[in-house]
Amino acid sequence: MGQGGEPRRPQPRDRELGEAVARAQQGDEAAFAVAYRIVQPGLLGFLRGLVGEDAEDVAADAWLQIARDLGRFQGDGAGFRGWTATIARHRALDQLRRRRIRPRAAPLEQDVLELPGRHSTHDEALESLSTQRALELVRGLPRDQAEAVLLRVVVGLDGPAAARVLGKRPGAVRTAAHRGLKRLARHLGAGSAAVEGATDEDRNGHA
């Protein structure tokens, strides 16, 4: 169960990840490599949504800290995802401060947010988040929405875990994710019914 009684939605490889992390903490370098391969794709997508082309450099810095502080981590595979996302976010914010910018572009123009055809699905909209174009669109969201969407959809954290990464209340993160996904789904070509399916989970308070 997650914080606040919400059920945690496990990611497909969380058990394997937790076992790999436990072995890595005992000095097993091969196990650390397994953990890296499981976590890195989502972490890199998260960072691309925050810092764009600097994502790989920021991820490298984050993994240096993850490796250095690994012995201090306590938790399971899902917890490790959240812990690594927190470290990566701090490194991303450092990078943004160095660039003296914020992780958002101008708001999306209203004319591109008109509801398109009815035949697209929620899955298609979310699958599009793995594309460079979609990650660029995420950077166009308000920062709270962008981070909530990235942590929930790209990194795969549940609501309470995402809230802990962001230092916010779970309800605030659910609301931000709902609004961000609704906006993205419209822009990416999902119809209104699909958008409702995309965000029911967050709106209803489930992980």
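Helices (H or I, at least four residues) and strands (E, at least two) are DSSP runs, numbered from the N terminus. This is a predicted model, in which local features need pLDDT of at least 70 and side-chain atom pairs count only at pLDDT 80 or more, while totals for chains, interfaces and linings use all residues. Residues are numbered from 1 along each chain as its sequence is written, and side-chain values use heavy atoms, with hydrogens and water left out.

View 1. The chain has 10 helices and 0 strands. From the N terminus, its elements read α-α-α-α-α-α-α-α-α-α. Of its 207 residues, 50% count as buried (buried is under 20% relative accessible area, exposed over 50%, partly exposed in between; 1.4 Å probe, protein chains only). Contact means heavy atoms within 4.5 Å. Among contacts with a separation of 6 or more, 72% come from residues 24 or more positions apart.

View 2. Helix α4 covers residues 77-99, 23 residues in total. From first C-alpha to last it reaches 33 Å, close to the 33 Å expected at 1.5 Å a residue (the expected span is 1.5 Å times one less than the number of residues). At the start of α4, a side-chain oxygen of D76 comes to within 3.4 Å of the backbone nitrogen of A78. G79 also lies in α4. G79 counts as partly exposed because its relative accessibility is 23%. The C-alpha atoms of G79 and L157 are 8.9 Å apart in space, yet the two residues are 78 residues apart in sequence.

**View 3. Helix α2 against helix α4.** The axes of α2 (residues 29-51) and α4 come within 10 Å and cross at roughly 35 degrees. Axes here are lines fitted to C-alpha atoms, for helices over the stretch in contact, with angles from 0 to 180 degrees between N-to-C directions. From α2, the contact uses A35, I38, V39, L43, F46, L47, L50 and V51. From α4, it uses F80, R81, T84, A85, A88, R89, A92, Q95, L96 and R99. By class, that makes 13 nonpolar, 2 polar and 3 charged residues. Ala, Val, Leu, Ile, Met, Phe, Trp, Tyr, Cys and Pro count as nonpolar, Asp, Glu, Lys and Arg as charged, and the others, Gly among them, as polar. An α-helix has 3.6 residues a turn, so residues three or four places apart point the same way.

View 4. Which residues does R89 contact, leaving aside neighbours within four places in sequence? They are F46, R143, E147, V165 and L166. R89 is found in α4, and counts as buried because its relative accessibility is 11%. R97 also sits in α4. R97 is exposed, because its relative accessible area is 52%. A polar contact of 2.5 Å joins the side chains of R97 and D94. A polar contact is a pair of N or O atoms within 3.5 Å; within protein, one must be able to donate a hydrogen and the other to accept it, and residues adjacent in sequence count only if both atoms are side-chain atoms.

**View 5. A59 in helix α3.** A59 belongs to helix α3 (residues 55-69). A59 counts as buried because its relative accessibility is 2%. Not counting residues up to four places away in sequence, A59 touches Q40, L44 and L47.

**View 6. V34 in helix α2.** V34 is found in α2. Its relative accessible area is 16%, so V34 is buried. Leaving aside neighbours within four places in sequence, V34 is in contact with E16 and A20. V34 and A20 are 14 residues apart in sequence and 6.4 Å apart in space, C-alpha to C-alpha.

**View 7. Helix α7 and the glycine after it.** Helix α7 spans residues 143-155. Its buried residues are Q145, A146, E147, A148, V149, L150, L151, R152 and V155. G156 follows α7, with a positive phi near 90 degrees.
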